[in-house]
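Work through the exercises below with the sequence and the coordinates side by side, trying each task before reading its solution.

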Amino acid sequence: MENPNGGNEDQAGVAKIPLLKPYKMGKFHLSHRIVLAPLTRQRSYGNVSQPHAALYYSQRATKGGLLIAEATAVSDTALGYPDTPGIWTKEQTEAWKPIVKAVHDKGGIFFCQIWHAGRVSNTSYMPNGEAPISCTDKPLGAHLRMADGSEFTPPRRLRTEEIPQIVNDFRIAARNAIEAGFDGVEIHGAHGYLIDQFMKDQVNDRTDQYGGSMENRCRFALEIVEAVSKEIGADRVGIRLSPFADYMEAEDSNPEALGLYMANALNKYGILYVHMIEPRMIIAHGEPMTTVHSLLPMRKAFNGTFIAVGGYNREDGNEAIAENYADLIAFGRLFLANPDLARRFELNARLNKYNRATFYLPDPVIGYTDYPFLEE
């Protein structure tokens with residue numbers, strides 16, 4: 001029997017497993033629906049990607065499998081965590097090339113997540129010790145702490161005339177990503193970082209054309225989408241959104257309307273995909289929990305590929321694909337700990353347990369490239 005998305009299901013032997021059915025994402029032919037979610041790993045010393053990342057990503061690459069690289073800073077004002085990679089300089093762009101090649105050598109499809117932390121930072125990460133930038137000058141709550149335990153610095157509110165420069169930083173980062181060999185970029189518009197800060201009404205208190213109404217609050221995100229799409233082609237662009245999340249005090253009073261507005265607005269640009277965080281991930285470190293909210297209205301509204309993420313396992317991932325709730329499912333912690341996740345799902349094999357204590361170690365091996373494969 002022919003699969004409309006390509007491939008022959010009789011030969012595949014995995015037709016009964018929805019996550020392992022092929023899928024055509026724009027011009028990309030995916031052999032399965034399992035995506036590596038973007039995961040900050042803090043092993044890019046001096047904000048330059050390192051050779052050990054080539055092993056890490058290629059371990060998780062499969063022919064026709066989609067990987068999304070960790071959050072990668074678009075400028076020297078975009079940083080907020082130690083040892084995270086950048087893609088604004090020539091050196092950083094060159095450092096990504098062998099990593100991308102290692103993924104392509106295994107037949108993988110590789111997107112770079114481009115990112116600006118905004119107010120989720122402090123002066124120690126900023127050029128000349130300046131204040132981090134945001135849509136607002138409202139500081140994060142004193143109870144919150146940075147990854148290294150230090151306090152967040154109150155941000156500086158961007159002036160209206162400065163915003164085009166930040167949009168341009170994303171455009172240049174996208175161009176550099178293509179130069180490095182990436183197949184496309186994912187704009188990080190989630191989890192309380194700069195783009196999300198603009199979109200959420202509990203953070204954005206502006207009175208110019210970037211504040212107030214939902215249309216105004218989403219303007220910055222959509223200007224970035226437009227600039228990046230014009231630079232590298234909309235068929236190479238995705239965006240990650242988390243309307244229901246309240247990470248880093250980025251909360252919205254009407255998340256359903258926000259998600260739906262963005263899903264509809266993005267159709268105008270014809271981008272490749274939207275990657276959306278499940279409502280159940282509102283509790284950052286809790287167990288996935290039932291909620292009245294659903295991504296289904298956004299999934300139905302958006303014309304391109306829809307990726308869902310947030311606490312999925314094999315069972316509910318298969319269910320989501322089978323019920324047409326999403327086209328693809330991204331996995332974070334499970335994929336981190338199981339480099340051969342697709343194979344394990346195929347065989348319904350036992351999974352390695354992830355070790356949270358080693359997620360952000362600077363070690364180039366421990367908790368990074370030392371999780372065993374099935375055959376080991």
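**Charges and overall form**

The chain carries 39 positive and 46 negative side chains, and the centres of the two sets lie 3 Å apart; here Lys and Arg count as positive and Asp and Glu as negative, while His and the chain ends are not counted, and each charge is placed at NZ of Lys, CZ of Arg, CG of Asp or CD of Glu. This is a predicted model, in which local features need pLDDT of at least 70 and side-chain atom pairs count only at pLDDT 80 or more, whereas totals for chains, interfaces and linings use all residues. Residues are numbered from 1 along each chain as its sequence is written, and side-chain values use heavy atoms, with hydrogens and water left out.

**Exercise 1.** Determine whether the radius of gyration of the chain agrees with that of a compact globule.

*Solution.* Start from the rule, which is 2.2 Å times the number of residues to the power 0.38, with the radius taken over C-alpha atoms. Then turn to the extent of the C-alpha trace, which spans about 60 × 40 × 40 Å along its principal axes. Finally, consider burial: 58% of the 376 residues are buried, where buried means under 20% relative accessible area, exposed over 50%, and partly exposed in between (1.4 Å probe, protein chains only).

**Exercise 2.** Compare the span of helix α7 with its expected span, and find what covers its buried residues.

*Solution.* Helices are DSSP runs (H or I, at least four residues), as are strands (E, at least two), numbered from the N terminus. Helix α7 covers residues 255–267, 13 residues in total, and its expected span is 1.5 Å times one less than that number. The expected value is 18 Å, and the helix reaches 19 Å from its first C-alpha to its last, which is close. Next, list its buried residues, namely P255, L258, G259, M262, A263, A265 and L266. Their cover includes α5 (194–199), α6 (214–232), β10 (237–241), β11 (273–277) and α8 (296–301).

Technical notes. Contact = heavy atoms within 4.5 Å.
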